[in-house]
Amino acid sequence: MSESRAFCPRCGDAVPERSASDANDPLRPGAEVELCDSCYFEDFDFVDAPERIDVRVCARCGAVYRGNRWVDVGAEDYTDIAIEEVSKALGVHVDVEDVAWQIDPEQVDQNTIRMHCFFTGVVRGTPVEEQVTVPVKIARQTCTRCGRIAGDYYASIVQIRAEDRTPTSEETDRATEIANEIVADMEATGDRNAFVTEVGETDDGLNIKVSTNKIGKKISNKMLEEFGGTVNDAETLVTEDEDGNEVYRVTFAVRLPPYTPGDVIDLAADDGGPVLVRSARGNLKGTRVTTGERYEASYEEGNSPDARKLGELEDAAEATVVTVEDENAVQVLDPETFQAKTVSRPGYFDPDAETVPVLKSRAGLHILPDETDD
Ligand SMILES: [Zn+2]
Ligand SMILES: [Zn+2]
C-alpha cells in the first residue's frame, strides 16, 4: 500500500494518485499531475465548433471546394453536404469516451442550413452532454470542370477517318463508345478533368473533342488496336495559360484501313480469286472464296493491298445447289437468272447443303462461307 498523496496543482485539494497506465497515456504527454474534478470541469470544453461554416458547392455537379480544389463528394443534396462539412469541422475533447452525437438540420433559407448538433459522452466517470448550433452557408458556384464543359473547352480532337471510304457506322459508334468508356474509367479514379466535349459527324467521318491530350491519345490507340489503320498527331499552339506556359491542342488523325472484315475484294496483283477480308489489323488477312485457302497480304502491302471491292458478306444471296461436279467445282442456280452455273468449290463448301450463300459481282459468281450461325 502506497502512503504517498497527490494534490491538485491549482487548488491544492487531495486527488487520487494516477495509475501507471494513465500516466503513460500518449494523448496527455507530460500531464503528470492531475487537476481535481472541480478544477478540471471548470476548464472542460466538450465540443469545439466553428461559429459558421461556408461551403462552396458547384450548382451543376455538386462538387465541393475543399482546401484549394474541387472534390466530388457524391452527395445527394445540400443537406448531405452540410452534414458532411459539419462532421469534418467539429472536434470533441480527447478525454471523452463513449461519444455519441446526432445532427438535426434546419433549413433556414435556400442557402442556409442550421445544424443542431447534440453530443453525449463520459469523462472521468461523469456523463457529459452539449448542444451546439452551427449555421452552414452554401455558396452556389460553378466548378472548374463544369465551367470548361459549359464553355465547350477542349484540348484535343480525334478525327476518325478511313482510307478511300467513309468509316462505317459500326466504326464511328464504337469510337464514341470508346471515348465515353475511357472518360468513365478516368472519372472513376477521381480524375475531374476528363470529359468528352463534343462528338460531331463530318462528311468524311467523326470528330471527337475531348478535355485532355491524354484522352485523345488513348482513344486513337484503342481504335487502332480494334480496327487497324494508322494515326498521326499534330500539335497546334492555341494559347498561353495563366503562368505563361504555351498550351497546345493535339489533333489525332486516325486513318482506318480501306477494307473492313466482311468485304470481298479482288486483288490486282494476282489471279487467285477474290478474298473475303477477315482482319485489317496489321497485314490484311482473309479467305479465298475460290478455294477457301487463307490469304495474307505481304508486309509491304500492309492493310491496303492494291485491290477493288466487289461486295460484302452481307450482300450474299441464297443459291440452290444443283449438283457437286467434283472436288473443284459445284453447279448452282444463279440467284438472278436461275440458270445453272458452274462455280469454284471452296474448302468450306458443305456438300450436303441444299442452298449456299453466293456473291454475284463483276468477278462472277462465288460461294461465300455460311456465317448465319455466328
Ligand atoms: Zn482543484
Ligand atoms: Zn461542377
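This is a predicted model: local features need pLDDT of at least 70, side-chain atom pairs count only at pLDDT 80 or more; totals for chains, interfaces and linings use all residues.

A: Two strands are said to pair if DSSP finds at least two bridges between them, and strands themselves are DSSP runs of at least two residues, numbered from the N terminus.

Strand E17, residues 275-279, pairs with strand E18, residues 285-288, in the antiparallel sense, and 4 bridges join them. Within this pairing, Val277 stands opposite Gly286 of E18. The two strands form a hairpin with 5 residues between them, and in its turn Gly282 has a positive phi of about 70°.

E18 also pairs with strand E19, residues 294-296, again antiparallel, over 3 bridges. Here Thr287 has Arg294 in E19 as its bridge partner. E18 and E19 likewise form a hairpin with 5 residues between the strands, in which Gly292 takes a positive phi near 90°. E18 therefore counts as paired with E17, since their 4 bridges meet the requirement of at least two, and the 3 bridges between E18 and E19 meet that requirement too.

Asp152 is not a glycine, yet has a positive phi of about 55°; Asp152 lies in the loop between helix H4 (144-150) and strand E11 (156-162), where its relative accessible area of 48% makes it partly exposed. Phe338, also not a glycine, has a positive phi of about 60° and sits in the loop between strand E22 (329-333) and strand E23 (340-344). With a relative accessibility of 58%, Phe338 counts as exposed.

As for the metal site, the zinc ion (ligand 1) is coordinated by the SG atoms of Cys8, Cys11, Cys36 and Cys39, at 2.3 to 2.4 Å. The angles among its 4 donor atoms run from 106 to 117°, and the site is tetrahedral. Along the sequence, the spacing of the donor residues is C-x2-C-x24-C-x2-C. Cys8, in the loop between strand E1 (6-7) and strand E2 (14-15), and Cys39, in helix H2 (residues 37-43), are 31 residues apart, and this pair links distant parts of the chain. Cys8 and Cys39 are both buried, whereas Phe338 is exposed.

Notes. Residues are numbered from 1 along each chain as its sequence is written. Chains are lettered from A and ligands numbered from 1 in the order in which they are written. Side-chain values use heavy atoms; hydrogens and water are left out. Donors are N, O and S atoms within 2.8 Å of the metal (3.2 Å for Na, K and Ca); water is not among the atoms, so sites may look incomplete. Four donors count as tetrahedral if all angles lie between 85 and 135 degrees; four count as square planar and six as octahedral if opposite donors are over 155 degrees apart and all others between 65 and 115; anything else is irregular. Buried means under 20% relative accessible area, exposed over 50%, partly exposed in between (1.4 Å probe, protein chains only).
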